[in-house]
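Colleague: Hi! Could you walk me through this one?
Modeller: Happy to, here it comes.

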Amino acid sequence: MKWVMGFLAGLVICASAIAEDSAPDVMVKNVTNEVLEIVKKDKDIQSGNTRKAIGLVEAKVIPHFNFQRMTAQAVGKSWRLATAAQQKALAEEFRTLLVRTYANALTAYKNQTVDFKPLKMAPTDTDVTIHSSIRQPGAKSIDIDYALEKDGPDWKVYDFTIGGISMVTSYRDQFSQQIAADGVDGLIKSLQAKNASLDASAAKK
Amino acid sequence: MFGITHEKDAIVKFALIKRLAPLSALFMLACTLTGCATSGNPKDPIEGFNRAMFAFNEGVDKTVIKPVAQGYEATVPQPARNGVANFFGNIEDVFIGVNNVLQGKVPDGINDFGRVLVNTTLGVFGFMDVASDMGVEKHNEDFGQTFGRWGAGPGTYVVWPLFGPRTVRDSAGLVVDLAADPIGAINDIPARNILLVTRLVSDRAALLPADKVIEEAALDKYSYIRDGYLQRRRSLVYDGNPPRRDESNE
């Protein structure tokens, strides 16, 4: 069960993506630090205000993710068989689910520090992995890796790995079993239902 | 190394076999009941059995373990909880060191034994993690990882009653972990039981914040935990740098 702990602490830092700078490692570092600085000062987020945390993630983190590619990878083979409208719906629902997860993880942040490992990349590289780790006293540090691809002048995150657990891979089996049972529309419906139930429980608080 | 004589060793092994025997009987029973439904997922050939055990474990957690952990979190102040976690973490560091040495990572093992030395003395029997404050980092090792390092493949994914997810390799690792656990070897039974329960509650309490994240993120909690577990263990065997696997579905 220890990986779960790593997973949680990892999610805390998921918020760290990329900034406008050209070097991908600099961007990841800047966004991470910026987001954590905001969380450190924000009592609402610390006390579990998910809506506020979602706002922060939407504003600072989401612009640096390529959700289309993330969703395509998580859906796997069935992605190309899906219609454009289905693809759009899948990417939207998956995005909503992930944003909420990260936002919640941010509300659990407690003074961990993040180290970044130096990035070795050639100027011609268009696909890089940034390694970072979260340090916390009394526990093994947790590694967070971001996979990024060059998208025009920008770098976009298309997967990230927390303590060895890839976000895309973690959803692949869940998606494929749902598609096998009820088709692509079934998966869209179940993602919609999931998001709606999370909204409803958030509204109750 | 832990003062276990050969005789005691045999007793511990026997006790373990006795403890595991009902489990394997349960395994057979569940297989018969569920027909060990093949899921078609090559990663999880005994998914039917595993899902049944997963549901059982979830029930136990929900009705007993989690409420106790929540009570512990609510009544014991954070510094005291940290102390308890550090105390058990210090004992664990001995095993981490042994496993690092068994894996041929002697400098890491020395690091771990150094942690034990510092935390047991300066950290007052391990209640304070002084070593981390000094920058001597904690590792994560166990016998399952050691077997993996020695070349054993993970084998079938199994969800055990109470012990939870393991691969066959990690199940073997668990047996050794349990046999080598000094707390399990304490002769004073009431004291041993108090320590075992305290450790369980302390470990569970540390995971409480993760519950919400998993509940919210997972479409199917069973698959989510399985895929997380398998990836995590693979990563740990390679100390965070597993060889890249082609995961594309092209």
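Modeller: Let's start with a pair of side chains: A:Glu149 and A:Arg69 meet in a salt bridge, N to O at 2.6 Å. By salt bridge I mean a side-chain nitrogen of Lys or Arg within 4 Å of a carboxyl oxygen of Asp or Glu. This is a predicted model, where local features need pLDDT of at least 70, side-chain atom pairs count only at pLDDT 80 or more, and totals for chains, interfaces and linings use all residues. Side-chain values use heavy atoms, without hydrogens or water, residues are numbered from 1 along each chain as its sequence is written, and chains are lettered from A and ligands numbered from 1 in the order written.

Colleague: Which parts does the pair A:Glu149 and A:Arg69 tie together?
Modeller: A:Glu149 lies in strand S3 of chain A and A:Arg69 in helix H5 of chain A, so parts 80 residues apart in sequence are tied together. Helices (H or I, at least four residues) and strands (E, at least two) are DSSP runs numbered from the N terminus.

Colleague: How many salt bridges over all chains?
Modeller: The structure holds 36. The rule finds 3 across the interface of chain A and chain B. One of the salt bridges joins B:Glu137 to A:Arg135, with the closest N and O atoms 3.0 Å apart.

Colleague: Nice. Which element gives the most to the side of chain A that touches chain B?
Modeller: H7(A), with 13 residues. That side has 17 nonpolar, 16 polar and 11 charged residues. Ala, Val, Leu, Ile, Met, Phe, Trp, Tyr, Cys and Pro count as nonpolar, Asp, Glu, Lys and Arg as charged, and the others, Gly among them, as polar.

Colleague: And how many residues are in contact?
Modeller: 44 residues of chain A with 39 of chain B, contact being heavy atoms within 4.5 Å.

Colleague: How much do chain A and chain B bury between them?
Modeller: About 3700 Å², 54% of it on carbon and sulfur atoms. Buried area is the accessible area (1.4 Å probe) that two parts lose on being put together, summed over both.
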